[in-house]
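User: Could you take a close look at one part of this model for me, the place where two chains meet? I would like the cut-offs spelled out as you go.

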Amino acid sequence: MTTPTYDLLSSTVLTSTATSVTISSLPTLDANGNTYKDLILTSQCGTTSSQLQYLGIRLNSDSSGNRLQTFFANYNNSLAANTFGGVTTNWDNASQVRNDLHSFCTFQIFDYTSTNKQKTILFRSSKADYAEALGGARVDATQAVNSVTFSADGFPFLVGSTFRAYGIAG
Amino acid sequence: MTMVLVETLTVETPVTFIDITGIPQDATDLLIIMSSREGGDQSSDSGFQFTVNGAYGDFKAVYGQITQVVAQTGSNLYVPSGMPTGGATAGAFGNTQIYIPNYTLSQRHPVAVDSVGENVSDVQFGQKMSLFGGLTSSSQPVTSMRIIYSNDAIQPNTTVFIYKIS
């Protein structure tokens, strides 16, 4: 029986603004040769926009729009729930961000190295002064995930924004 | 291994708060996992609050209990996962996760809290799930936290696990 791990795969702290951040060359094996099963992404970020924008991720630079996602939330002290099919932006939008670093989001991508199942994503986002949300998405593609790109509707991320990836093997 | 258990706290006799002190400053993220039960009546489950560096914050919550869904906003909201003892199934505990990213930085810290509790299916406060989060008032590195049950004592065998992630 292998020992589960929680390994830091990538850490990015922006020292200049960037319109997107890509974590690439995600490994399939840990240092002991065990296959990574799950991918955990965390972000604490903001954008140059004074208006709320969506923080989204895209797997493997896939822009085909083959996504289905749903969420429920406290949005500005009102209950909200919604489902999107074939998300028009082609991004898995999870959190809302604007010109502060108060938006925190985690994404869990299950069995990301598999090549025989569509990828499912569970996300949990916290925009401190606006929304708490929990949601999920399915990406209609079976390829292993080897890169993830973060974007916020094209608005540059602020200096100090952080993006990390952890792999769980076992 | 980048996720390391720093400390385990276990309640042996009823207390009204749990202090987490001396949080190490050599990691990036802080994760608190708590298994808790409180001493209140099932009709008045008060949940718990928490402070960071001795202060509350600005929080929002959305939670479900039985068939209700509720949204709240406030500075010292209660996380509704207290698992009241009165009428509750013996040995049942609620579970809570508190995540603070970049906790060693000097900034107001975003905090995400997820909790669930289930003990009695047919009473008002018997089943709960919540998303809770916001921004700490303190803008200093997180060195201490306090878990507070202001109305009802925290029951024995409540456990708090503190992990650091780097």
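Analyst: Happy to! The term stands for a side-chain nitrogen of Lys or Arg within 4 Å of a carboxyl oxygen of Asp or Glu. Between chain B and chain A, the rule finds two salt bridges.

Some ground rules before going on. This is a predicted model, where local features need pLDDT of at least 70 and side-chain atom pairs count only at pLDDT 80 or more, while totals for chains, interfaces and linings use all residues. Residues are numbered from 1 along each chain as its sequence is written, chains are lettered from A and ligands numbered from 1 in the order in which they are written, and side-chain values use heavy atoms, with hydrogens and water left out.

Now the interface as a whole. In chain B, 32 residues are in contact with 29 residues of chain A, contact being heavy atoms within 4.5 Å. About 2,300 Å² is buried between the two chains, and carbon and sulfur atoms give 62% of that area; buried area is the accessible area (1.4 Å probe) that two parts lose on being put together, summed over both. There are also 12 residue pairs in polar contact between chain B and chain A, both residues at pLDDT 80 or more. A polar contact is a pair of N or O atoms within 3.5 Å; within protein, one must be able to donate a hydrogen and the other to accept it, and residues adjacent in sequence count only if both atoms are side-chain atoms.

A:Gln44 is buried, with a relative accessible area of 3%; buried means under 20% relative accessible area, exposed over 50%, and partly exposed in between (1.4 Å probe, protein chains only). Leaving aside neighbours within four places in sequence, A:Gln44 is in contact with residues of both chains, among them A:Leu101, A:Ser161, B:Pro101, B:Asn102 and B:Gln107. A polar atom of the A:Gln44 side chain lies 2.9 Å from the backbone oxygen of A:Leu101. From A:Gln44 to A:Pro156 is 14 Å in space, C-alpha to C-alpha, and 112 residues in sequence.
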